[in-house]
Amino acid sequence: MLPTTSVNSRSQGNGALSPRDAARHTAGAKRYKYLRRLFHFRQMDFEFALWQMLYLFTSPQRVYRNFHYRKQTKDQWARDDPAFLVLLSIWLCVSTVGFGFVLDMGFFETIKLLLWVVFIDCVGVGLLIATLMWFISNKYLVKQQNRDYDVEWGYAFDVHLNAFYPLLVILHFIQLFFINYVIISDSVIGYFVGNTLWLIAIGYYIYVTFLGYSALPFLKNTAVLLYPFALLILLYLISLACGWNFTKMLCSFYKYRVK
């Protein structure tokens with residue numbers, strides 16, 4: 001039931017993987033299978049992906065229990081179905097168009113904003129965070145007695161996507177209803193509401209990330225992934241005391257980037 005690929009799993013009688021099984025379970029083979037399914041919408045389980053998106057808000061532990069089931073049945077921890085990524089991309093497009101409308105951007109400015117959000121905010125930052133967490137978890141969090149197991153990079157990226165989705169909905173959807181009339185005003189209530197939404201969104205990201213790595217039984221000391229909460233709360237209190245409005249800063253940055 002261990003949620004990664006073991007070098008001793010599915011072995012032959014002499015303890016070695018058969019050539020066919022070894023080829024099937026390489027990272028390259030899994031990546032090829034995933035990318036190939038990206039162009040076959042009929043093979044994607046969008047209903048299940050929607051279920052995951054719902055439970056990432058209400059009960060993210062249930063999402064990671066399903067990852068355990070995938071390991072048992074398909075011998076891999078990372079997603080093999082790109083349906084979640086496709087739906088997340090749709091969410092990015094819709095929410096970014098909404099952001100452009102709220103900020104009174106033109107058509108081409110909105111397209112530029114969309115490209116920035118997709119390739120920088122989501123994919124670029126995601127690749128960086130996933131690679132960093134993949135390295136840290138394999139280097140420092142794997143139990144000594146389980147050195148035959150490691151965290152798949154694809155799983156690390158899936159954890160980022162799982163954590164990014166609630167953040168996206170809070171900051172790029174829920175927040176839109178308050179930006180023009182409440183948040184970007186110069187009143188105390190404006191930056192209080194805006195910064196509180198940022199606190200909740202980033203807090204969700206930290207918590208869902210923690211759940212992703214704590215779900216792996218061969219990792220130790222995963223509680224350290226919750227330490228950023230202390231820095232987050234401190235920054236939140238400082239922002240309220242100094243009158244910093246994170247949403248207003250984000251809007252100004254987006255307008256600057258699309259010029």
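This is a predicted model: local features need pLDDT of at least 70, side-chain atom pairs count only at pLDDT 80 or more; totals for chains, interfaces and linings use all residues.
Student: How do I read the packing of two helices? Take H3 and H4: what angle do they make?

Tutor: Look at the angle between the axes, then at the distance. Helix H3 (residues 46-58) and helix H4 (residues 60-74) pack at about 135 degrees. Their axes lie 6 Å apart. That makes H3 oblique to H4, because an angle must be over 145 degrees to count as roughly antiparallel.

Student: Which residues make the contact?

Tutor: On the H3 side, they include Phe48, Trp51 and Tyr55. On the H4 side, Pro60, Val63 and Phe67 are among them.

Student: Now H9 and H10. What angle do these helices make?

Tutor: About 175 degrees, with the axes 10 Å apart. H9 covers residues 188-214, and H10 covers residues 228-242. H9 is therefore roughly antiparallel to H10. Their contact includes Tyr191, Phe192, Leu199 and Ile206 of H9. H10 brings Phe229, Leu232, Ile233 and Tyr236, among others.

Student: Next, salt bridges. How many are found in the whole structure?

Tutor: The search finds 2. To read one, find the partners, then check the N to O distance. Asp158 pairs with Arg79, and their closest N and O atoms are 3.4 Å apart. That falls within the 4 Å cut-off.

Student: Where in the chain do Asp158 and Arg79 sit?

Tutor: In distant parts, 79 residues apart. Asp158 is in helix H7 (residues 153-172). Arg79 is in the loop between H4 and helix H5 (83-102).

Student: Are Asp158 and Arg79 buried or exposed?

Tutor: Both Asp158 and Arg79 are buried.

Student: And what is the distance in the salt bridge of Asp186 and Lys248?

Tutor: It is 2.7 Å, N to O. This pair also links distant parts of the chain, 62 residues apart. Asp186 lies in the loop between helix H8 (179-183) and H9, while Lys248 lies in helix H11 (residues 246-257).

Student: Why does Asp186 count as exposed, and Lys248 as partly exposed?

Tutor: Compare each value with the cut-offs. Exposed means over 50% relative accessible area, and buried means under 20%. Asp186 has 70%, so it counts as exposed. Lys248 has 33%, so it counts as partly exposed.

Student: Last, the nonpolar surface patch. Which residues make it?

Tutor: Phe107, Phe108, Ile111, Leu115, Phe119, Ile120 and Val125. The patch is about 710 Å². Phe119 lies in helix H6 (residues 107-141). Phe119 is exposed because its relative accessible area is 52%.

Notes: Residues are numbered from 1 along each chain as its sequence is written. Side-chain values use heavy atoms; hydrogens and water are left out. Patches are made of residues with over 30% relative accessible area and no salt bridge: like charges are joined within 9 Å, nonpolar side chains (Val, Leu, Ile, Met, Phe, Trp, Tyr) within 5 Å. Accessible areas come from the Shrake-Rupley method with a 1.4 Å probe; for residues, only the protein chains shown count as cover. A salt bridge is a side-chain nitrogen of Lys or Arg within 4 Å of a carboxyl oxygen of Asp or Glu. Helices (H or I, at least four residues) and strands (E, at least two) are DSSP runs, numbered from the N terminus. Buried means under 20% relative accessible area, exposed over 50%, partly exposed in between (1.4 Å probe, protein chains only). Axes are lines fitted to C-alpha atoms, for helices over the stretch in contact, and angles run from 0 to 180 degrees between N-to-C directions. Angles under 35 degrees count as roughly parallel, over 145 as roughly antiparallel, 65 to 115 as roughly perpendicular and the rest as oblique. Contact means heavy atoms within 4.5 Å.
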